[in-house]
Amino acid sequence: MDVAEPLTEAGAAGLRAVTHAPRSTLVALDFDGTLAPIIDDPERAVVHPDAVAALAELGGLVGTIAVVTGRPARTAVRLGGFTDHAGLGSMVVLGQYGVERWDAATGAFDVPPEPAEVTAAGEELPALLESLGLGAARVEHKGRALGVHTRELEDPQQAFRTLLTPVQALADRHGLTLEPGRNVLEIRAPGTDKGDAVRRLVAETGATQVVFAGDDLGDLPAFEAVAALREDGLPGLLVASASHEEDALSDRADVVVDGPAGIAAWLRDLSARIRAAQAG
Ligand SMILES: [Mg+2]
């Protein structure tokens, strides 16, 4: 497939910086919708097979490959199948928006315990749902967050509207943040976002340029962080994966590709450009 050239001048500068100094490049990517297709059962959202191969190839050429995701780090590593690839020996996976971490080099997970406020809110949830006649709503415990899913209920949107105010009140009582999504209400411990995570990775690795690829609103802070780094003189390249229902980032991206398959092709092309620059 044809791989799009960077659409902006800043993107072109970012790409030149990457091919000029790949070893000091950070390539950070979101997981769902970027490396893995969005599917109904999120427990089956494995990485696109071309994408993990392309990442492993690129991993042999650049300084650091990082996955930055809202999912728990363990889940992302399991679904990503990142453990068995020679090129991913120094990969980093940041889970829960940067609170959790896995380092391929050691195989170690750093997963802080669930905050007490989240535990307490989780204990109150079943009775609250029962009192609203929505005891059948599925509650997902994610460590630093709780998801109340209405997708499987008879009238998901009505249930969502019924839940909004009482779940907001529950979150407020425990000092948690409510984040409404599509047929899900997520209450989350305050913490970090993907922008913080990307800034920390840049500082830690000493990257002299950064690539970030994402697909939806949760990636916006990372896009903004890269844009701010560019203003400070650090070249960057922003890639949007725009296949699924949401197309939140295309306006701000240098390159727009078609979903995880498009990301895989783009990563391969990036490796080819780096090799060509090294040969030339
Ligand atoms: Mg995503």
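**View 1. An open sheet of eight strands runs in the order β5-β4-β3-β2-β1-β10-β11-β12, with mixed pairing.** Its edge strands are β5 (108–110) and β12 (255–257), each of which pairs on one side only. Direction ignored, neighbouring strands here are turned by 15 degrees against each other on average. Strands count as paired if DSSP finds at least two bridges between them; helices (H or I, at least four residues) and strands (E, at least two) are DSSP runs, numbered from the N terminus. This is a predicted model, in which local features need pLDDT of at least 70 and side-chain atom pairs count only at pLDDT 80 or more, while totals for chains, interfaces and linings use all residues. Residues are numbered from 1 along each chain as its sequence is written, and side-chain values use heavy atoms, with hydrogens and water left out.

View 2. Strand β11 (residues 236–241) pairs with β12 in the parallel sense over three bridges, and Ser 241 stands opposite Val 257 in β12. Helix α6 (residues 194–205) packs on the sheet and touches β1 (25–29), β2 (64–68), β3 (92–95), β4 (100–103) and β10 (209–214); its direction makes about 160 degrees with that of β2. Helix α7 (residues 220–231) lies across β10 and β11, at about 155 degrees to β11. Contact means heavy atoms within 4.5 Å. Angles run from 0 to 180 degrees between N-to-C directions, and axes are lines fitted to C-alpha atoms, for helices over the stretch in contact.

**View 3. Four strands form an open, antiparallel sheet in the order β6-β7-β9-β8.** The edges are β6 (138–141) and β8 (177–181), each pairing on one side only. From one strand to the next, the twist averages 20 degrees. Five bridges join β8 to strand β9 (residues 184–188) in the antiparallel sense; Gly 181 has Val 184 in β9 as its bridge partner. Helix α4 (residues 116–131) packs on this sheet, touching β6, β7 (145–149) and β9, with its direction at about 20 degrees to that of β7. Helix α5 (residues 156–173) also packs on the sheet, touching β7, β8 and β9, and its direction makes about 5 degrees with that of β9.

**View 4. Helix α2 (residues 49–59) meets helix α8 (residues 259–279), their axes coming within 8 Å and crossing at roughly 20 degrees.** That makes α2 roughly parallel to α8 (angles under 35 degrees count as roughly parallel). Residues in the contact include Leu 55 and Leu 58 of α2, and Leu 267 and Ile 274 of α8.

Technical notes: Parallel < 35°, antiparallel > 145°, perpendicular 65-115°, else oblique.
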